[in-house]
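Hi,

Here is the structure I promised to pass on. Have a look at it first, and then read my notes below.

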Amino acid sequence: MFGDMTLGFSRQPFEFCDDPEIQVSEFLSKFNAIFTLNQDTLLEAKYFGTLKQKPFIAGGGIYSPNYADAYRPGIIRALDTLAYGSLANRINLFKPEPEPFILKPDLQPYFKLHGSADFQVGARETMLILGGNKPERINKQPLLRWYHELFRRHLEIPDARLMVIGYSFGDPHINEIIINGVKCGLRLFIIDLAGVDVIGRRSNISPDNVSLLKNSVIGASRRPLSMTFGGEDMIEFRKINRFFRSARMDVTYHPAF
């Protein structure tokens, strides 16, 4: 399935319009770090390498880090990829590098909290966290334990902000980290067709924590990204980009389509 997805990605454009000021890659480059629960390799194929095309000035501000490129910390190429057959023919495979894991300066870290289709462990296993008992399975993987600890640390930084894109708040172990961050002052911006209401749709969050999370929201958008970055709604585009330079409350509600 992941091999087929990779082939499909390779034949589709990544950007929704040609205007250089409304580029998904430009938008992504503004984050200090990217954490994802996705396990495909879309960003690796389409986003990685795009920052090399921009002028690099070391030492950007807190909301404009100006990285030289994006990368995935803690992994190296796995050379024994033939064990994966057709998947290896479509996706370059990687494995955890020897500990201790370290972050590289001037590069934007991209963390895959539930593993990835191209993460190899052992001779014939991929590091994919699916189904139940996710915390227990994550704790068995030193790389993923490190990723989650960094996720926690990022969200507990004073005045930290988290933009949540397309997450349904369905994973209790992820919700716990976000809630702890909010208790430390974290502010949220939600991009979801349900808007802020997505926070209360799952029963795994108590009413008190639903209120806590909603009170931490500084902005929300119900627009699909294809419209926001397709040049159809510059008001929504500018609203989302204010996330990087202001803490004002900024919520609007639009039809989902």
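Before anything else, one term: I call two rings of Phe, Tyr or Trp a pair if their centres lie within 6.5 Å, using the six-membered ring for Trp. By that rule, Phe27, Phe31, Phe189, Phe229, Phe237, Phe243 and Phe244 are linked by ring pairs into a cluster. Bear in mind that this is a predicted model.

How far can you trust it? The average pLDDT over the chain is 85, and 84% of the residues score at least 70. The stretch to watch is 247–257, where the pLDDT is below 50. That stretch still has 29 contacts in the model beyond near neighbours in sequence, but where pLDDT is low, the predicted coordinates should not be read in detail.

Now the overall picture. The chain has 257 residues, 47% of which count as buried, and its secondary structure comes to ten helices and eleven strands. Taking contacts between residues at least 6 apart in sequence, 71% join residues at least 24 apart. The accessible surface is about 13300 Å², with 53% of it belonging to carbon and sulfur atoms.

On to the inside. The largest nonpolar core has 40 residues, and those with the most contacts inside it include Tyr147, Phe169 and Leu213. Several elements each supply at least two residues of this core, among them strand E6 (115–121), helix H7 (172–183) and strand E10 (217–221). Which element gives the most to this core? That is H6, with seven residues. Apart from this core lies another, of 23 residues, including Cys17, Phe27, Tyr110 and Met163.

Tyr147 is worth a click. Leaving out residues up to four places away in sequence, Tyr147 touches Phe35, Arg72, Pro73, Ile75, Phe111, Lys112, Leu113 and Phe119. Tyr147 also forms a tilted aromatic pair with Trp146, at 5.9 Å centre to centre and 40 degrees between the planes, and both residues are buried. The whole structure has 16 aromatic pairs. Another one is Phe229 with Phe237, edge-to-face at 5.7 Å and 90 degrees; these two are buried as well.

Phe94 has arginines over its ring: Arg72 lies over the face at 4.9 Å from the ring centre, and the charged end of Arg77 sits 5.8 Å from the centre.

Then there is Gln23, in the loop between helix H1 (2–10) and helix H2 (24–28). Is Gln23 buried or exposed? Gln23 counts as buried because its relative accessible area is 15%, and the cut-off is under 20%. Beyond four places in sequence, Gln23 is in contact with Glu15, Cys17, Asp18 and Phe229.

Most residues other than glycine have a negative phi, and most peptide bonds are trans. Here are the exceptions I would look at:

- The peptide bond from Glu99 to Pro100 is cis, with omega near 5 degrees; Pro100 lies in the loop between strand E4 (94–96) and strand E5 (107–112).
- Asp159, in the loop between H6 and E8, has a positive phi of about 65 degrees. Asp159 is exposed, at 60% relative accessibility.
- Phe169, in the loop between E8 and H7, has a positive phi near 60 degrees. Phe169 is buried, with a relative accessible area of 0%.

Cheers

How values were computed: Residues are numbered from 1 along each chain as its sequence is written. This is a predicted model: local features need pLDDT of at least 70, side-chain atom pairs count only at pLDDT 80 or more; totals for chains, interfaces and linings use all residues. Side-chain values use heavy atoms; hydrogens and water are left out. Helices (H or I, at least four residues) and strands (E, at least two) are DSSP runs, numbered from the N terminus. Buried means under 20% relative accessible area, exposed over 50%, partly exposed in between (1.4 Å probe, protein chains only). Contact means heavy atoms within 4.5 Å. Accessible areas come from the Shrake-Rupley method with a 1.4 Å probe; for residues, only the protein chains shown count as cover. A nonpolar core is a set of buried Ala, Val, Leu, Ile, Met, Phe, Trp, Tyr and Cys residues joined through side-chain atoms within 4.5 Å. Rings of Phe, Tyr and Trp (its six-membered ring) pair if their centres lie within 6.5 Å; planes under 30 degrees apart count as stacked, over 60 as edge-to-face and the rest as tilted. A charge sits over a ring if NZ of Lys or CZ of Arg is within 6 Å of the ring centre and within 35 degrees of the ring normal. pLDDT is the predictor's confidence in each residue, from 0 to 100.
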